[in-house]
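Have the viewer open and follow along.

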Amino acid sequence: MSSRRFGSQSLVRLLGQWQHTPSRTPLWQQLAQALRMLILDGRLALETRLPGERELAAALGISRTTVASALAQLRDEGFLLSRQGSGSVVMLPESSRTVPTRTHSGSALDLSTASLGASPEIHQAYQQALTAMPQHFGSTGYDQQGLLTLREAIAARYAARGLPTRPDEVMIVNGALSGFALILRLLTGPGDRVVVDHPTYPLAIAAIEGASCRPVGVALPMQGWDSDGLAATIGQTSPRLAYLMPDFHNPTGRCMDAATRQTVAEIAARTRTTLVVDETMTDLWYDAPPPPPLAAFSPDGSVISLGSAAKSFWGGLRLGWIRAPARTIASLVQMRDTIDLGTPVLEQLAARWLIENGETFLPAYRCMLATRRDDCLRLMQAFFPEWQTQIPQGGLSFWVELPEALATRFATGAESVGIHLGGGTRFGLAGAFERYLRMPFTQPEAILQEAFMALQPIWSPLINQPQIIRQRKYI
């Protein structure tokens, strides 16, 4: 059993505004619900030891009996394992280890994940891949840089977007997140700082912390990016890397304009800071395609680009790529055998077909998503008029501002009706963004309407408390 221990103050920050006041639900049940949500959400890692009852009670300002009752409830449900002298350790009950992602007849609906199921083109891509497989049977199948034909297709894709690229500047990996972890392993060491947008993609934060590095956030303004804040933060913290998502940023959906890309590239060159640019949302634009890749503004090669087939095509196609100077790619290839021995050939062949044929079906895909975005906005306005948001330029979700710090309490209540929500604190550092939640618009209108009807009775008691100032504002 792991001996990792979660500090009481860190846990208090994660819990946020967990108390419902007033409420008929006993306080110990409210605490149990909030802790359960953190475990299901992945913010309380499995096999982590919680603070003792006395310490946690003091930190929360409640009685030890209340804490003991909440922990006992979670032990009975299988979310905690307690041993004499070892405290309570986070775990999952067997029934919670898999989460359904669609709702029918009361089954769970996952609104914490922004993704779509496979389109018919995925089946066609795998059929084509199976046909092409025999010509690769004479090889070992181990190729740590990836199939040349796929790298050529990706290089051509970059060139079409204004960034001339050679196949030796591309490496195939098992998803963009896997690629980011490999980059962190090559370029950082324990204690190094990594600058990130704030908010940002939660699994990027997890990867940075998993590499024993320290994420440092640069707050996003109401519009665009704060390039002055980025320059100041880099100057003050001397990070080893900066991780940015300029193409339909997750979770806000905004797109960095060309002038800002130029400025950011100049900051990186001047400060000799490597930029890791996540381009996984590049294809998901609705009004206009994004500007050229940020690396196109950086002739000195200080930008490493990450791409993925997951958002453009299907999340089950676990394939991504790294685009970087050839010398960096060579170093990454040498280091890769500490993680894995390559990407499956079948997936690479399927991805090549999808990339080469994407423009025949991506326009319809974007049109469908734009319709779902508009449907979701209309439903949010009808069911939750207090929510504020901006229409995203691309991506798969809305970044919703709530009138008060209610995200954790709302998400906790949503679990009681079988709906998983992505509270804003998942996307921030040190418990930030308790006033926000990410709302994907990937589900059909009928499913979203059913979900919002179930969520409205949970939201109304929260917003109708006297201390909440209600307003309606959409940008």
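Into which domains is the chain divided? There are domain 1 (8-90), domain 2 (109-115 + 362-464) and domain 3 (120-360), with bounds that come from an automatic or database domain assignment. Please keep in mind that this is a predicted model, in which local features need pLDDT of at least 70, side-chain atom pairs count only at pLDDT 80 or more, and totals for chains, interfaces and linings use all residues. Residues are numbered from 1 along each chain as its sequence is written, and side-chain values use heavy atoms, with hydrogens and water left out.

**Where domain 2 meets domain 3**

Taken over C-alpha atoms, the centres of domain 2 and domain 3 lie 27 Å apart. Domain 2 brings 26 residues to the contact and domain 3 brings 30 residues, where contact means heavy atoms within 4.5 Å. About 2400 Å² is buried between these two domains, and carbon and sulfur atoms give 57% of that area. Buried area here is the accessible area (1.4 Å probe) that two parts lose on being put together, summed over both.

Polar links cross this interface too: 15 residue pairs are in polar contact, both residues being at pLDDT 80 or more. A polar contact is a pair of N or O atoms within 3.5 Å; within protein, one must be able to donate a hydrogen and the other to accept it, and residues adjacent in sequence count only if both atoms are side-chain atoms.

On the side of domain 2 that touches domain 3, the elements giving two or more residues are helix 13 (362-383) and strand 11 (397-401). Helix 13 gives the most, with seven residues. Helices (H or I, at least four residues) and strands (E, at least two) are DSSP runs, numbered from the N terminus. By type, this side of domain 2 divides into 15 nonpolar, seven polar and four charged residues. In that sorting, Ala, Val, Leu, Ile, Met, Phe, Trp, Tyr, Cys and Pro count as nonpolar, Asp, Glu, Lys and Arg as charged, and the others, Gly among them, as polar.

**Salt bridges**

How many salt bridges does a search of the whole structure find? The search finds 15, a salt bridge being a side-chain nitrogen of Lys or Arg within 4 Å of a carboxyl oxygen of Asp or Glu. Between domain 2 and domain 3 the count is one. Some of the pairs are set out below.

| Pair | N to O distance |
|---|---|
| Arg36 and Glu77 | 2.8 Å |
| Glu53 and Arg64 | 3.4 Å |
| Glu359 and Arg366 | 3.8 Å |

Arg36 sits in helix 2 (residues 27-41) and Glu77 in helix 4 (residues 64-77), so their bridge ties together parts that are 41 residues apart in sequence. Arg36 is buried, at 18% relative accessible area, while Glu77 is partly exposed, at 26%. Buried means under 20% relative accessible area, exposed over 50%, and partly exposed in between (1.4 Å probe, protein chains only).

**A buried glutamine**

Gln348 is found in helix 12 (residues 345-357) and is buried, with a relative accessible area of 1%. Leaving aside residues up to four places away in sequence, Gln348 touches Gly146, Leu147, Leu150, Ile172, Leu319 and Thr343.
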